[in-house]
Amino acid sequence: MRLLALLTVAVALLSTEVQSQTGAPAMSPTPTAPVAAASRAPGEVSAAAAAIVAAFGRHDPRAYFALFAPEATFVFHTTPQRLNSRAEYQAEWAKWEKEDGFRVRSCKSSDQRVQVLGDAAVFTHTVVTEISTKQGPTTMRERETIVFRRDGGKWIAVHEHLSPL
């Protein structure tokens with residue numbers, strides 16, 4: 001973002017110099033609204049990801065799934081197939097709870113990175129998750145990617161991928 005701000009200032013200065021030397025009209029300045037929105041985007045994506053991690057970590061499936069688009073896809077190393085919708089994942093979650101006694105005890109995020117690509121963003125991080133099942137407690141260390149899209153000024157998750165570390 002600093003580079004964008006510096007480039008904006010440089011263009012404005014060059015434009016003023018060209019106008020003073022040639023009499024040609026100066027270039028119009030870069031619009032501030034898109035720049036301001038772009039500068040907020042990484043923080044907004046981080047907040048959206050933090051909400052997902054928090055809801056997951058407190059085993060709150062209602063809040064967790066509300067943060068994903070209905071058409072979101074999910075790729076987990078713990079499932080044999082891709083889950084092609086939020087509804088498919090919700091059914092899988094319910095199956096884990098019923099058959100395995102699945103319960104999330106905590107989830108911690110580190111090594112976070114946000115890449116904003118217009119109205120899409122990629123969030124990557126490392127997660128340490130403590131779960132319990134009928135077999136007892138387990139701690140998992142995984143790398144996760146969550147893809148977001150901006151929808152009506154809000155960032156919503158459209159894909160999640162987990163890999164073991």
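From the N terminus on, the elements of the chain follow the order α-α-α-β-α-β-β-β-β. The model is a predicted one. Its secondary structure amounts to 4 helices and 5 strands. Of the 165 residues in the chain, 30% are buried. The accessible surface comes to about 9800 Å². Carbon and sulfur atoms account for 59% of that surface. Contacts between residues at least 6 apart in sequence were also examined; 47% of them join residues at least 24 apart.

The strand pairings were examined next. Strands β3 and β4 pair in the antiparallel sense, over 14 bridges. A hairpin connects the two, with 2 residues as the link from β3 to β4. Within this pairing, Val122 has Val147 of β4 as its bridge partner. Strand β4 spans residues 136-151 and also runs antiparallel to β5, with 10 bridges between them. Here Glu142 is bridged to Pro164 in β5.

Phe68 stands opposite Ala157 of β5.

Val158 gives a residue-level view of β5, the strand in which it lies. Neighbours within four places in sequence are left aside here. Val158 is then in contact with Ala69, Ala72 and Thr73, and also with Val147, Phe148 and Arg149. Val158 and Val147 are separated by 11 residues in sequence. Their C-alpha atoms are 5.7 Å apart in space. Val147 is also the bridge partner of Val122.

The largest nonpolar core contains 30 residues. Tyr64, Tyr89, Trp93 and Phe148 touch the most other members. At least two core residues come from each of α2 (32-57), α3 (61-66), β1, α4 (86-100), β2 (103-117), β3 (120-133), β4 and β5. Helix α2 supplies the largest share, with 8 residues.

The largest pocket holds about 350 Å³ of space. Its lining consists of 20 residues. Phe56, Thr78, Trp96, Phe102 and Met140 lie nearest the centre of the pocket. Helices α2 and α4 each supply at least two lining residues, as do strands β3, β4 and β5. The largest share comes from β3, with 4 residues.

Terms used
Residues are numbered from 1 along each chain as its sequence is written. This is a predicted model: local features need pLDDT of at least 70, side-chain atom pairs count only at pLDDT 80 or more; totals for chains, interfaces and linings use all residues. Side-chain values use heavy atoms; hydrogens and water are left out. Two strands pair if DSSP finds at least two bridges between them. Buried means under 20% relative accessible area, exposed over 50%, partly exposed in between (1.4 Å probe, protein chains only). Contact means heavy atoms within 4.5 Å. Accessible areas come from the Shrake-Rupley method with a 1.4 Å probe; for residues, only the protein chains shown count as cover. A nonpolar core is a set of buried Ala, Val, Leu, Ile, Met, Phe, Trp, Tyr and Cys residues joined through side-chain atoms within 4.5 Å. On a 1 Å grid over the protein atoms alone, a cavity is a set of points where a 1.4 Å probe fits but cannot get out, and a pocket is an open set with protein on both sides within 12 Å along at least five of seven lines; lining residues have an atom within 4 Å of a point. Grid points are joined across faces, edges and corners, and a volume is the space filled by probe spheres set on the points.
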